[in-house]
Amino acid sequence: MNYPIWERTLAGGGLLIAVIAVVHVYVAHFAVGGGFFLVVTEWMGYRNKRPDIVAYVKTHSLFFLLVTMVFGAITGVGIWFTISLLSPGVTSILIHTFVFGWATEWVFFAGEIVALLLYWYRFGKISEKNHLAIGLFYVLFGWLSLFMVNGIIAFMLTPGRWLETGNFWDGFFNPSMWPSLGYRTCIALMFAGIFGFVTAVFIKDDRQRKTLVNWCVWWTVIPFILSCPFLFWYFKALSPDQQEMILRLSPELSDAVTFFVFTIPLLFIGIVVMVARSRGGVQKTAAFVVLLAGLGYMGGFEWLREGTRRPYLIYGHTYSNGIAVDQETAINEAGILKTARWVNHREISEENMLAAGREIFRLLCISCHSVGGPANDILPLTNGFGAFGMDAQLSGQGKLSGYMPRFMGTEQDRMALARFIVEALHGKKDAPPAVEIEPRPVDVSPIDPETNRYVLLVASTLGMHEFSGAPEIWSLRPSPRATIRAQLIRRDETPEHVMDGVSLTYTVSDNQGTPGEMIFSDAHMAFSAQINTLTPKDEDGRFNPYPLVTVTATEDDRILARTRITLPVTTEMGCSSCHGGNAASTGPGMNEETALNVLRAHDRRSRTALVRQVSKGMPVTCTACHESDAADAPHRLNLSSAMHGFHAVYLSGKGSEACGACHAVGNTGATRFYRGIHHEIGLECSNCHGTMADVAASLLMADSERGKPSAGRIMKWLTASPKTDAKEIAGRRPWVNLPKCLNCHVDFQPPDTDEAPLNNWSQSEAALFRSRTDDAGILCINCHGSPHALYPATNPYNLDRDNIPAFQFQGSPYPIGSDGGCRVCHTAVMEETIHHFDASAAFRNTR
Amino acid sequence: MEFAFLVPAPDPIPIPWMWLQGLLLATFVLHLLFMNAMLGTGIIALVAMFRRRASDLPVAKAISTTLPTLIAFTVNTGVAPLLFIHVLYGQFIFTSSILMAIWWLSAVGILLIAYYAAYLSNNMTLMLSPGRWSRYLDIPGGSLLNLAEPMLIPRYLHFVTASVAVGGLVMAWIWQLKGRKGFADAEEKSRQAMGWFTGATAVQFAVGTIFLFTLPRGIRSLFLGGEATATFLFAASITGAIVALYLGVRRKIRSCTAATVTTIILMALVRDRVRQAFLAPIFSPAELPVALQTGPFVLFLVSLTLCIAAVMLMIRLAFGRRQEIRP
């Protein structure tokens with residue numbers, strides 16, 4: 001923020017520092033341990049009267065001089081140059097806080113150089129005792145250099161009390177300083193042995209080579225064993241959050257852990273081969289394998305250490321992208337472009353959106369991500385996103401995993417960055433155009449009420465139903481199912497609700513398969529059927545999320561009444577807005593790639609093996625694990641809670657747009673499920689359900705009350721909605737506790753408010769709109785239509801496709817019996833209504 | 001764009017700035033000496049190589065054995081002043097380094113010494129010119145260079161010429177020491193080496209004059225009577241150079257070396273005045289916030305003292321009269 005950012009593309013991210021640091025760190029540890037190795041080996045040569053070993057030490061010390069003093073020194077300065085360029089703010093803090101720590105280290109390094117030069121140039125020219133003494137000075141200075149640098153490196157991981165005091169000593173003698181020093185000392189000795197191999201295997205004399213290779217084995221193995229308790233102590237010195245990041249094997253760290261752990265066997269196999277095959281090329285190759293394994297071990301360790309420090313450079317003080325923690329609030333309030341110094345665009349407009357986004361990318365992303373380069377390339381990571389999805393990703397980033405810093409800036413900043421990534425880096429055009437829907441005519445002609453004797457009211461319990469377009473990969477539930485409920489009324493002055501002696505059958509899409517039988521259910525006082533074969537298709541194969549079901553009531557093969565309703569079903573889930581994949585060839589919704597990407601994300605975050613399961617031919621069913629009360633997995637969230645909870649972290653603050661990101665309720669898609677009268681008069685999802693954060697928080701609260709810890713982890717981030725206060729939200733069970741109509745329509749009256757109060761849910765499944773009846777036993781849905789498709793619904797495929805029964809028996813698309821329409825069922829005019837208060841009142845929102 | 005806004009806010013320093021300034025100058029002079037010796041002898045060796053004269057071979061050989069040591073010390077002594085300049089002028093040098101990041105970073109990798117010196121000059125001038133920093137907004141990729149700076153080339157030549165002079169002086173020392181060991185025509189070689197010193201120093205007067213006149217008028221006038229300290233330092237360093245040249249012609253190696261080191265110290269002070277004068281309109285290190293912590297400074301002083309003692313002890317162990325092993 002303070003400093004300009006060096007804009008890199010291919011060489012962006014940690015590449016530069018990783019390359020130079022790992023090499024330097026390897027050589028620097030070798031320089032420290034190698035001192036011990038040289039002096040002890042030389043001493044052993046003198047004591048055992050083995051001039052050949054002393055001669056070896058002399059040769060090795062030249063190799064040592066060239067590698068450590070020249071290469072080590074230059075790469076050391078190189079690290080400094082590099083971090084100054086990549087993270088100037090943090091480097092400045094390190095320089096200013098520890099200026100005399102560095103200066104002291106510099107003094108020790110100067111002493112180290114003098115000692116090493118004297119050691120090499122005077123080898124064999126002065127007494128053994130004096131030469132060994134100079135060697136010991138080298139050892140001392142080398143280790144003191146490590147002592148100084150180690151304190152500052154450890155400081156970045158665990159700054160301890162320095163965060164409050166700003167005191168040099170608090171920072172230097174920080175919690176992980178001593179274990180780190182012990183560990184690094186052991187590693188230094190181990191590397192001395194490893195580098196010893198490299199020169200030892202080239203010795204021609206068999207006896208000498210054997211002696212020295214065996215000698216180096218001890219130097220490698222013993223320090224390795226000694227290092228283990230220090231590593232454990234090191235781990236214990238970390239903060240609980242840091243320990244958890246390692247233990248939880250956060251996806252970003254698991255590679256580092258793997259790398260760290262798997263180089264160890266390679267190291268030992270190489271050593272065994274070297275000892276066992278004491279001749280020729282095999283031994284030499286093994287020595288270099290061991291050298292590389294050592295480099296890998298070091299690289300893995302440093303990677304893990306740096307990873308554990310995420311999302312900070314100085315833990316708790318400065319984020320990975322160089323922004324100080326105490327700047328975060330100001331940046332979020334004022335906007336990042338108004339807070340940073342080195343930017344051109346202080347205001348964002350449609351014209352400069354991409355240029356401003358580029359500056360934000362530079363400020364927030366480039367310190368860790370390359371563009372097309374080998375290190376942490378941003379392109380594959382953001383490939384699947386459109387601008388909306390990218391914006392959502394940025395919004396939730398760093399919250400659940402905590403590996404990356406959270407996005408800092410205003411919503412406008414965030415969108416500019418999202419659009420820069422999607423439109424400038426990926427060259428995508430935003431927002432696909434609205435789908436053009438071909439109308440599907442349907443016959444809604446009324447039946448003459450004078451001759452009609454029976455009224456057949458039918459509705460689907462669900463007004464919208466989504467299922468996976470790639471069921472061979474995953475499905476939310478075992479199979480798409482829909483329930484329809486029908487009530488047959490014989491018209492009369494006092495109509496009869498016919499419950500037996502008749503047969504009700506249904507056929508899907510007019511004439512698909514044999515008719516199904518509907519069974520009378522006492523609980524609902526209706527004939528009911530569960531339909532298991534659902535496809536959003538017409539008979540001719542065209543996509544149609546509103547197939548028709550024909551229900552026929554017969555008595556002794558005589559047709560009493562017949563009607564049709566839609567059976568809403570779609571594959572149009574919005575997964576691909578964020579999870580990539582192209583549009584499915586089979587119809588709207590996700591294709592196989594999207595479906596697999598979803599599983600990959602799940603595997604990565606939750607360490608599952610779902611992709612492997614699918615590759616073995618076993619499709620995944622979400623509810624198989626995420627059922628609300630699965631006894632064997634009490635820590636798992638129920639499906640609704642997991643889906644809404646996890647995604648709300650990314651979609652908070654977006655209003656009803658957030659719902660349409662996944663559900664097929666948008667006005668531009670191929671389904672447009674939200675089509676009832678409430679849609680028509682401009683109410684949005686959140687008017688009844690609350691915002692995405694409200695929906696998620698209430699579900700999570702219930703899971704949290706059941707003792708599922710992950711619910712709390714997610715809830716922590718759901719503060720975007722002004723209505724949501726984690727303490728006040730009431731727990732809610734999915735599919736049971738849902739918005740009540742009477743929340744707004746108090747006493748069946750026109751509402752005073754269009755914002756439903758939260759925490760006031762239906763108490764049981766039986767109390768849901770789709771299950772309830774009026775005082776006369778008629779189901780709510782049979783007079784009002786299915787939820788989300790309330791009469792008069794506006795179906796996108798044909799205006800009145802959802803209103804057929806209303807038209808058929810009443811001649812209008814309005815709720816059955818409204819506008820004084822008692823005569824739908826009653827053959828006489830009724831004085832008062834027993835259905836519910838004002839049931840026959842004039843319908844207000846007429847077409 | 002108002003460039004003063006671009007200058008980042010500095011971090012506090014642990015002890016008053018004068019101490020850091022003193023350390024900066026002291027270590028910088030040390031670095032200059034090693035750097036000059038390394039670069040100068042390197043250039044002389046390069047010339048010897050191209051001339052391919054048999055008589056030059058021992059020169060090249062002598063240099064090639066000392067060069068690695070000189071490089072090691074040049075790098076080591078370069079670290080300290082770079083550290084202190086970052087403490088005092090961090091908000092300038094971090095920034096200018098980033099603006100020309102690619103070049104600055106290649107200075108590490110590119111082993112060609114000329115390149116190293118060349119780009120170093122460039123950054124040290126860019127850090128003094130915040131007025132040119134706003135070019136970053138068009139060129140954020142770290143490929144800026146301060147090529148429009150008029151003092152860039154004279155300044156670079158000034159350092160290179162000084163290096164050749166010091167290189168000659170170092171060679172003269174080497175041959176004189178060899179002469180004591182009875183090396184044939186060491187006397188002649190030493191004379192030739194002093195020729196490099198006097199020749200380069202004579203040229204330096206011309207280069208230095210050009211350098212002086214490429215400074216902005218306001219800053220130049222400080223050294224020509226405009227400000228007492230600056231004028232005194234400048235006059236003293238010119239005098240030192242004249243004395244060194246005179247002693248060089250007379251081939252008084254020892255006193256010539258003393259005069260040269262004195263001149264370098266004075267020139268380093270002059271250089272520092274130039275830097276402060278450039279930044280004066282927007283910054284002076286005296287303005288840096290101080291968060292006093294003397295403990296670490298004591299740590300440094302103690303370790304420095306102990307290290308010097310240890311080095312002296314090691315030198316005694318390595319070269320003491322009775323330490324040589326008789327073959």
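I began with Asp492(A) in this predicted model, and I noted it as partly exposed, with a relative accessible area of 30%. Its side chain meets that of Arg490(A) in a salt bridge, at 3.9 Å from N to O, a value that still passes because the cut-off for such a pair is 4 Å. Arg490(A) likewise counts as partly exposed, at 22% relative accessibility.

I then looked up a second pair, Glu347(A) and Lys338(A), which form a salt bridge whose closest N and O atoms are 3.6 Å apart. Here Glu347(A) counts as exposed at 53% relative accessibility, while Lys338(A), at 45%, is classed as partly exposed.

For Glu302(A) and Arg305(A) I found a salt bridge of 2.6 Å, N to O, and in this case both Glu302(A) and Arg305(A) are buried. The two residues lie three apart in helix α12 (residues 280-308) of chain A, so Glu302(A) and Arg305(A) are separated by about one helical turn.

Next I went to the interface, where 68 residues of chain B are in contact with 65 residues of chain A. The two chains bury about 6,000 Å² between them, and 75% of that area is on carbon and sulfur atoms. Phe94(B), Ile98(B) and Met314(B) supply 11% of the area that chain B buries against chain A, more than any other three residues. I searched for salt bridges across this interface of chain B and chain A and the rule finds zero, whereas it finds 12 residue pairs in polar contact, with both residues at pLDDT 80 or more.

I turned to the cysteines and found zero disulfides over all chains. Cys622(A) is in no disulfide, and the nearest cysteine sulfur, that of Cys625(A), is 8.8 Å away. I also noted that Cys622(A) is buried, with a relative accessible area of 18%, and that Cys256(B) counts as buried at 0%.

My last entries concern the backbone, where most residues other than glycine have a negative phi and most peptide bonds are trans. The bond from Arg310(A) to Pro311(A) is cis, with omega near 0°, and Pro311(A) sits in the loop between α12 and β1 (312-314) of chain A. A further cis peptide bond joins Tyr791(A) and Pro792(A), with omega about -5°; Pro792(A) has its place in the loop between α29 (780-784) and α30 (804-810) of chain A.

For phi, I recorded a positive value near 50° at Arg607(A), a residue other than glycine, in the loop between α20 (592-606) and α21 (610-615) of chain A. Arg607(A) counts as partly exposed, at 49% relative accessibility. In chain B, Arg251(B) has a positive phi of about 60°; its place is in the loop between α9 (228-249) and α10 (253-279), and Arg251(B) is partly exposed, with a relative accessible area of 43%.

Key
Residues are numbered from 1 along each chain as its sequence is written. Chains are lettered from A and ligands numbered from 1 in the order in which they are written. This is a predicted model: local features need pLDDT of at least 70, side-chain atom pairs count only at pLDDT 80 or more; totals for chains, interfaces and linings use all residues. Side-chain values use heavy atoms; hydrogens and water are left out. A disulfide is a pair of cysteine sulfur atoms within 2.5 Å. Buried means under 20% relative accessible area, exposed over 50%, partly exposed in between (1.4 Å probe, protein chains only). Contact means heavy atoms within 4.5 Å. Buried area is the accessible area (1.4 Å probe) that two parts lose on being put together, summed over both. A polar contact is a pair of N or O atoms within 3.5 Å; within protein, one must be able to donate a hydrogen and the other to accept it, and residues adjacent in sequence count only if both atoms are side-chain atoms. Helices (H or I, at least four residues) and strands (E, at least two) are DSSP runs, numbered from the N terminus.
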